[in-house]
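Let's take a walk through a protein model, one piece at a time. Keep the sequence and the 3D view open while you read.

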Amino acid sequence: MEIWELNLRHLYAAMEICDKGSISAAADAVNLTQPAITQGLVKLETQLGQPLFERHPDGMTPTSAATIFVPRIEAALANIGSTRVTMAQLRAFLSVAEHGSYPTASAMSGLAQPSLHRSVANLAIALKRKLLERRGKGMALTAQGRALARLFRLARAELAAGLSELEALKGRETGIISIGAMPLCRARLLPKAVAQFHHAYPESEIRIVEGSHNELIEPLRDGELDLLIGALRDPPPGDDVQQRPLFEDHPVVIGRYSHPLQGHRPDLEKLASYPWIIAAPGTPLRMRWEQMFESAGIACPDVPIECGSVITIRQILLESDFLTLLSPDQVAVELEAGWLSAIGEPPEGLHRIIGATTRAGWMPTAMQRAFMAMLEAAAKN
């Protein structure tokens, strides 16, 4: 099932029943009658396909399903932040926020435009916030709208993870892992872990989004990605994310085969006399490259081309005397084929940490924990 079929008030009631141990106590907390809560709970359990509570004369005891699902409900409702929000409003607002206009949101979601307008307007009234403003022919989020969209995305991610865990409880290991892949991990680490994971969980779905750290960090914060894999940042990008080291990468100087410096073990002054193609300032690799020259008291050489794409870098190296700094893993095929050559190794101690970045407080599903374990095992081999 999809999370949009759920009723937020029913989820709120289930959370209160789990906390207070009875329907009567939960009724006071959610401002619903006991019959209404009873009917809502029955509908929720029917939708989920398994009971959340064992009924006793003196109260309600959570089942293993509730033990799994209720923490997801708590996290989702904490992000939503108001009991006045309905699931229809959450869905409508996210659809408009993510597609930029009511016509596009309608076409992509299947919801009628009048329904979208009504739901978003009622949400703004309920929360007493201006969420959208018209810009040209489209709609743009206000600052309050952007903040709310992030919280709603995180709520959506929590509920989706909860449904995945409940399916696993039934014996169906389904679910989605969304991975942000930065350049280095695509060469060896990620393919190895993904192949092993797919073999173990054939019914799961893996989404890999390629990009730079700057392109991927906000989707991670929004809950659209579960983790990023690549070079860790120093200092970390904020208290809202956590970085987990996996291994040290030691980049080397790379040039074309038969480069004028090939086989000469050149010093840094000689390397500085050639043009370089390197990643943009602020990236770990660029910082290490600058450190390589600055620590020796040598001015950094010219960088006529800034690029983080290994495919583009490779082609430019093949057709010029440019140099670059890359991990051997990133161009292993080219080195083995004799297209490119390791010109020289950087000074001792020049390395970068490759690892996984997740949201602070992220609660991975069992399947996601299994993937992380496979990722760590792949990093050691």
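Two strands are said to pair if DSSP finds at least two bridges between them. Helices (H or I, at least four residues) and strands (E, at least two) are DSSP runs, numbered from the N terminus. What you're looking at is a predicted model, where local features need pLDDT of at least 70 and side-chain atom pairs count only at pLDDT 80 or more, while totals for chains, interfaces and linings use all residues. Residues are numbered from 1 along each chain as its sequence is written, and side-chain values use heavy atoms, with hydrogens and water left out.

**A hairpin**

Start with strand 3 (residues 132-135) and strand 4 (residues 138-141), which run antiparallel and are joined by four bridges. Across the pair, E133 faces A140 in strand 4. The two strands make a hairpin with two residues between them, and G136 in that turn has a positive phi of about 65°.

**A helix and what follows**

Next up is helix 5, covering residues 87-99. How far does helix 5 reach from its first C-alpha to its last? Its 13 residues span 18 Å, close to the 18 Å expected at 1.5 Å a residue; the expected span is 1.5 Å times one less than the number of residues. Buried means under 20% relative accessible area, exposed means over 50%, and partly exposed is in between (1.4 Å probe, protein chains only). In helix 5 the buried residues include M87, L90, F93, L94 and A97. An α-helix has 3.6 residues a turn, so residues three or four places apart point the same way. Just after helix 5, G100 takes a positive phi of about 85°.

**Salt bridges**

A salt bridge here is a side-chain nitrogen of Lys or Arg within 4 Å of a carboxyl oxygen of Asp or Glu. How many salt bridges does the structure hold? The count is 23, and here are three of them.

| Pair | N to O distance |
|---|---|
| R72 and E165 | 2.9 Å |
| E224 and R153 | 3.1 Å |
| R256 and D321 | 2.7 Å |

R72 sits in helix 4 (residues 64-80) and E165 in helix 8 (residues 143-169), 93 residues apart. Are R72 and E165 buried or exposed? Both R72 and E165 are buried.

E224 is in the loop between helix 10 (213-221) and strand 7 (227-231), while R153 is in helix 8, 71 residues away. E224 counts as partly exposed because its relative accessibility is 35%, whereas R153, at 10%, is buried.

R256 belongs to strand 9 (residues 252-256), and D321 lies in the loop between helix 13 and strand 12 (324-326), 65 residues apart. Why does D321 count as partly exposed? Because its relative accessible area is 30%. Salt bridges that share partners also build one network, with E98, R150, R153, R156 and E224 among its members.

Most residues other than glycine have a negative phi, and most peptide bonds are trans. With that in mind, look at N31, where phi is near 60°, a positive value in a residue other than glycine. N31 lies in the loop between helix 2 (23-30) and helix 3 (34-48), and with a relative accessible area of 68% it is exposed. R265 is not a glycine either, yet its phi is positive, about 45°. You'll find R265 in the loop between strand 9 and helix 11 (268-271), and it is exposed because its relative accessible area is 79%.

Where is there a cis peptide bond? The bond from D234 to P235 is cis, with omega near 5°. P235 lies in the loop between strand 7 and strand 8 (241-249).

**Two last residues**

S204 is in the loop between helix 9 (189-200) and strand 6 (205-210), and it is buried, with a relative accessible area of 10%. A polar atom of the S204 side chain lies 2.7 Å from the backbone oxygen of Y201.

Finally, find Q144 in helix 8. Q144 counts as partly exposed because its relative accessibility is 43%. The C-alpha atoms of Q144 and N79 are separated by 14 Å, and these residues are 65 residues apart along the chain.

Conventions:
Polar contact = N/O pair within 3.5 Å; in protein donor to acceptor, adjacent residues only side chain to side chain.
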